[in-house]
Amino acid sequence: MNNKTNAIIYQLALRTFTPEGTLRAAATLLPHIASLGVDILYVCPFFAEEEDADRITWSERQKKSETNNPKNPYKIADYFNVDPEFGTNEDLKIFVRKAHENSLLVMFDLVYLHCGRSAVFIKEHPDFVIRNEDGTVWIADRWPFARLNYQNAELRKYLLQNMQTLLDEFECDGFRCDVGDSVPLDFWRDSFAKLKERHADLVTLNEGINPEYIQEVFDMGYKYDWNRLMIDIFANDTPAYELKNTYEKEKMQYGENIVKLIRTIDTHDVASDAGLNRNEIIMTSKGAEAALVITNTYDGVSFLWNGYELCDDAENNMFSNRFYGKRSAMNWSKAFTEDGIRRAGFIKEIHRLHHACDAIVNGRIHWVGNSSPKEVVSYVKASDKQQLLIVVNTKNACVNATVNADISNAKTIMQSGLADDSLLNKTLSFKPYGYLIAELG
């Protein structure tokens with residue numbers, strides 16, 4: 001991994017990754033994850049969750065899941081101990097150790113905006129959470145949990161101690177910070193500066209879009225609107241040229257920090273909301289692959305939700321577990337289907353290219369026009385040493401496109417659904433969701 005923004009991140013949710021839903025079960029599959037050519041393993045929250053049966057404290061997504069599960073992975077009761085559903089603290093240490101043995105860095109998910117109303121530290125430290133004038137715990141509208149009180153200096157010390165423990169005792173490599181934009185910037189700045197005194201290579205990912213946070217503190221950040229735009233382009237009627245329009249807006253907003261933005265077509269939130277309408281279904285499996293060509297060659301950080309390596313189309317509900325309601329784990333049987341076998345090879349090859357091609361590692365996007373802008377995305381990823389042409393048919397229909405680039409000496413590196421004589425004729429003839437990655441002479 002040359003740098004953090006050239007990393008490939010794999011997001012793993014214990015409840016959906018294996019039928020058992022535990023750290024021990026997930027640990028047995030770490031060689032599988034490593035074989036995909038990813039660099040960083042980001043694990044969704046696994047620390048002790050509050051079990052408040054009062055539905056007033058349940059999020060809307062939690063209620064809509066219809067699992068009748070009072071536990072929410074983003075409503076923490078204890079920041080220092082693993083929830084028994086997932087295993088033990090020792091299981092977590094073994095999991096991280098095995099990940100490192102497989103050359104994977106590990107990011108834990110910090111949920112520091114809110115916590116459960118009965119979190120273990122509240123009785124001893126009642127001012128660690130925001131309260132109403134009558135002394136009751138203040139509950140926000142969007143996420144009806146207790147909100148941490150960052151006006152309290154002792155709370156900040158407590159959370160810093162938590163991060164230090166996760167790094168020192170559990171040996172994680174960094175943190176993904178839930179709704180990080182809503183936590184004071186100076187908390188992250190001061191805390192990370194202290195942590196880097198002992199952990200200089202700390203990896204940090206913000207769930208947020210504030211340019212100041214990405215500029216000053218975080219290695220990476222992500223915007224759900226880019227994720228949703230990709231789904232709209234590949235599964236709905238949104239024109240392909242909207243991707244370029246969005247890029248130009250991002251460039252104005254983030255400048256060179258655009259390379260810190262996560263590029264993905266799915267996350268735990270998106271998958272939980274999708275139910276059975278997963279991207280593998282609404283895009284088709286070929287469409288998902290075409291979209292992944294973009295996430296792996298774009299300006300930004302490539303990111304993969306668990307299951308895409310096997311064309312998983314099962315419901316991935318973050319609120320299902322072994323003890324309450326229905327189970328909704330990945331459909332591992334898809335790995336043995338024709339689509340699943342093809343996908344595994346595709347993922348390994350696109351990740352290999354992601355790391356091996358100088359244009360992807362060090363280059364930047366230069367947009368090039370084409371004759372079918374509603375259907376086709378086309379750009380050159382160029383560095384001082386290499387120029388790659390990326391052309392993707394974003395629609396489930398055949399399309400011809402003439403690209404405004406000299407392809408006379410182009411060398412095909414990776415393609416699917418492209419007529420054999422396309423490069424000779426200078427008009428690219430694509431089957432549904434076809435794509436081309438070619439090195440320009």
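Biologist: Ser103 lies in the loop between which helix and which strand?
Modeller: This is a predicted model in which local features need pLDDT of at least 70 and side-chain atom pairs 80 or more, while totals for chains, interfaces and linings use all residues. Residues are numbered from 1 along each chain as its sequence is written, and side-chain values use heavy atoms, leaving out hydrogens and water. Helices (H or I, at least four residues) and strands (E, at least two) are DSSP runs numbered from the N terminus. On that basis the loop with Ser103 lies between α5 (89-101) and β5.

Biologist: What is the phi of Ser103?
Modeller: Most residues other than glycine have a negative phi. Ser103 is not a glycine, yet its phi is positive, at about 60°.

Biologist: Is Ser103 buried or exposed?
Modeller: Buried is under 20% relative accessible area, exposed over 50%, and partly exposed in between (1.4 Å probe, protein chains only). The relative accessible area of Ser103 is 62%, so Ser103 is exposed.

Biologist: Where is Tyr433, and is it buried or exposed?
Modeller: Tyr433 also has a positive phi, near 60°, and is not a glycine. Its place is in strand β18 (residues 428-439). With a relative accessible area of 4%, Tyr433 is buried.

Biologist: Which residues of α7 are buried, and which elements do they pack against?
Modeller: In α7 (residues 185-195) the buried residues are Leu185, Phe187, Trp188, Ser191, Phe192 and Leu195. They span an arc of only 155° (directions from the helix axis to the C-beta atoms), so they sit on the same side of α7. Contact means heavy atoms within 4.5 Å. The elements packed against are β5 (105-110), α6 (153-168), β8 (174-177), β9 (203-206) and α8 (211-216).

Biologist: Glu50 touches which residues, not counting those up to four places away in sequence?
Modeller: Glu50 is in the loop between β3 (47-49) and α4. At 3% relative accessibility, Glu50 is buried. A polar atom of its side chain is 2.8 Å from the backbone nitrogen of Arg117. The residues touched are Pro70, Lys71, Asn72, Lys75, Ile76, Ala77, Gly116, Arg117, Ser118 and Ala119.

Biologist: What is the volume of the largest pocket?
Modeller: On a 1 Å grid over the protein atoms alone, a pocket is an open set of points with protein on both sides within 12 Å along at least five of seven lines, a cavity is a set where a 1.4 Å probe fits but cannot get out, and lining residues have an atom within 4 Å of a point. The lining here has 26 residues, with Arg61, Arg142, Trp143, Glu207 and Asp269 nearest the centre. The volume, the space filled by probe spheres set on the points, is about 630 Å³.

Biologist: Which helix gives the most to the lining of the largest pocket?
Modeller: At least two lining residues come from each of α4 (60-64), α9 (224-235) and α11 (268-274). The one that gives the most, with three residues, is α11.

Biologist: How much space lies in the largest cavity?
Modeller: There are two cavities of 30 Å³ or more. The largest is lined by Phe47, Ile76, Tyr79, Asp109, Leu110, Val111, Tyr112, Asn162 and Leu166. β4 (76-82), β5 and α6 each supply at least two of its lining residues. Its space is about 50 Å³.

Biologist: How much space lies in the second largest cavity?
Modeller: Its lining consists of Ala13, Leu14, Arg15, Cys44, Pro45, Pro73, Phe86 and Met318. The space is about 40 Å³.

Methods:
A polar contact is a pair of N or O atoms within 3.5 Å; within protein, one must be able to donate a hydrogen and the other to accept it, and residues adjacent in sequence count only if both atoms are side-chain atoms.
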